[in-house]
Amino acid sequence: MSGSTKAMGVMTVGALVTVTAYTVALGSNGWLWFGWVVLGLITIGMVATRET
């Protein structure tokens with residue numbers, strides 16, 4: 001895995017932790033979860049294209 005792919009993975013996990021903490025503290029926000037899903041799909045796409 002390249003450095004940019006690892007950084008993207010770390011950012012995705014960090015975003016998940018942040019969105020989860022926000023949801024626990026202030027209640028759910030659909031746009032935050034939508035953004036996290038998009039970020040996760042981009043990360044998965046980067047991993048898939050790097051491995052082939």
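Colleague: In which segment is the place of S2?

Modeller: The model is a predicted one. Helix 1 covers residues 3-26. S2 has its place in the segment before helix 1.

Colleague: Is S2 buried, partly exposed or exposed?

Modeller: Buried means under 20% relative accessible area and exposed means over 50%, with partly exposed in between. The relative accessibility of S2 is 26%, so S2 counts as partly exposed.

Colleague: How far apart in space are S2 and V47, C-alpha to C-alpha?

Modeller: In sequence, 45 residues separate S2 and V47. Their separation in space, C-alpha to C-alpha, is 9.1 Å.

Colleague: Is T5 buried or exposed?

Modeller: T5 is a residue of helix 1. The cut-off for a buried residue is under 20% relative accessible area. With a relative accessible area of 1%, T5 is therefore buried.

Colleague: Leaving aside neighbours within four places in sequence, which residues is T5 in contact with?

Modeller: T5 lies in helix 1. Helix 2 covers residues 30-51. Once neighbours within four places in sequence are left aside, the contacts of T5 are M46, V47 and R50.

Colleague: Where does UniProt place the feature "transmembrane region"?

Modeller: The UniProt entry is unreviewed.

Colleague: How far apart are the end C-alpha atoms of residues 31-49?

Modeller: In the model, the span of residues 31-49 is 100% helix and 0% strand. For residues 7-25, also 100% helix and 0% strand, the end C-alpha atoms lie 27 Å apart. For residues 31-49, the distance between the end C-alpha atoms is 27 Å.

Colleague: Is L39 buried or exposed?

Modeller: L39 belongs to helix 2. Its relative accessibility is 17%, and because buried means under 20%, L39 counts as buried.

Colleague: Leaving aside neighbours within four places in sequence, which residues is L39 in contact with?

Modeller: L39 and M11 are 28 residues apart in sequence, with C-alpha atoms 8.8 Å apart in space. Apart from neighbours within four places in sequence, L39 is in contact with M8, M11, T12 and A15.

Colleague: What accessible area do W31, F34, V38 and I42 have together?

Modeller: I42 lies in helix 2, and at 42% relative accessibility I42 counts as partly exposed. W31, F34, V38 and I42 form a nonpolar patch on the surface. Together, the accessible area of these residues is about 460 Å².

Note on methods. Residues numbered from 1 in each chain as written. Predicted model: local features only at pLDDT ≥ 70, side-chain atom pairs only at ≥ 80, totals over all residues. Heavy atoms only, no water. Patch = residues over 30% accessible without salt bridge, like charges linked within 9 Å, V, L, I, M, F, W, Y side chains within 5 Å. Areas by Shrake-Rupley, 256 points an atom, 1.4 Å probe, with all protein chains shown as cover. Salt bridge = Lys/Arg side-chain N within 4 Å of Asp/Glu carboxyl O. Helix = DSSP H or I, 4+ residues; strand = E, 2+ residues; numbered from the N terminus. Buried < 20%, exposed > 50% of the residue type's maximum accessible area, 1.4 Å probe, protein only. UniProt positions renumbered as here; feature names shortened; annotations may be inferred. Contact = heavy atoms within 4.5 Å.
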